[in-house]
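Please look at the sequence and the structure below before reading on.

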Amino acid sequence: MENLKTVLALAGATLDDVCKSTVWLQDARDFGAFNRIYMSYFGENKPARSTTEARLMVDAKVEVDVVAYKPKA
């Protein structure tokens with residue numbers, strides 16, 4: 001999540017600009033722990049999210065990608 005914040009900042013955005021995320025967990029039993037941490041990063045406007053188990057992941061327990069929208073000022 002901290003890496004996502006860094007990448008978003010490079011584009012002039014924040015987690016508040018995230019409108020959709022996709023999450024892959026190596027083990028679905030980790031969902032509860034992941035969800036507690038994930039939710040702590042977002043305010044009241046949580047993005048839409050898809051979460052799935054991907055047992056073929058190598059060297060990673062979690063992968064997250066996001067789509068952010070920030071209108072030009």
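Helices (H or I, at least four residues) and strands (E, at least two) are DSSP runs, numbered from the N terminus. On that basis, the protein has two helices and three strands, and along the sequence they follow the pattern α-β-α-β-β. This is a predicted model, in which local features need pLDDT of at least 70, side-chain atom pairs count only at pLDDT 80 or more, and totals for chains, interfaces and linings use all residues. Residues are numbered from 1 along each chain as its sequence is written, and side-chain values use heavy atoms, with hydrogens and water left out.

**Overall dimensions and contacts**

- The C-alpha trace spans about 40 × 25 × 15 Å along its principal axes.
- Contact means heavy atoms within 4.5 Å. Among contacts between residues at least 6 apart in sequence, 82% join residues at least 24 apart.
- A residue is buried under 20% relative accessible area, exposed over 50%, and partly exposed in between (1.4 Å probe, protein chains only). Of the 73 residues in the protein, 25% are buried.

**The sheet**

- Strands of a sheet pair through backbone hydrogen bonds, either parallel or antiparallel. Here two strands are taken to pair if DSSP finds at least two bridges between them.
- The three strands form an open sheet of mixed pairing, in the order β2-β1-β3. Because β2 (48–53) and β3 (62–68) each have a single partner strand, they stand at the edges, and one side of each is left without a neighbour in the sheet.
- Neighbouring strands of this sheet are turned by 10 degrees against each other on average, direction ignored. Axes are lines fitted to C-alpha atoms, for helices over the stretch in contact, and angles run from 0 to 180 degrees between N-to-C directions.
- Strand β1 (residues 18–25) pairs with β2 in the parallel sense over six bridges. Ser-21 has Arg-49 of β2 as its bridge partner, and Thr-22 stands opposite Ser-50 in β2.
- The pairing of β1 with β3 is antiparallel and covers seven bridges; Leu-25 stands opposite Val-62 in β3.

**Helix α2**

- Helix α2 (residues 31–40) lies across β1, β2 and β3, and runs at about 155 degrees to β2.
- Which residues of α2 are buried? They are Phe-34, Asn-35 and Tyr-38. Seen down the axis of α2, these residues fall within an arc of 100 degrees, so they line one face of the helix. The arc is that of the directions from the helix axis to the C-beta atoms.
- The buried residues of α2 pack against β1, β2 and β3, whereas the face turned away from the buried side carries the exposed residues Arg-36 and Ser-40.

**The nonpolar core**

- A nonpolar core is a set of buried Ala, Val, Leu, Ile, Met, Phe, Trp, Tyr and Cys residues joined through side-chain atoms within 4.5 Å.
- The largest such core has nine residues, namely Leu-8, Ala-13, Leu-15, Val-18, Val-23, Leu-25, Phe-34, Tyr-38 and Phe-42. The elements that give two or more residues to this core are β1 and α2, and β1 gives the most, with three residues.

- Asp-17 lies in the loop between α1 (2–10) and β1. Asp-17 counts as buried because its relative accessibility is 14%.
- Not counting residues up to four places away in sequence, Asp-17 touches Val-67, Ala-68, Tyr-69 and Lys-70.
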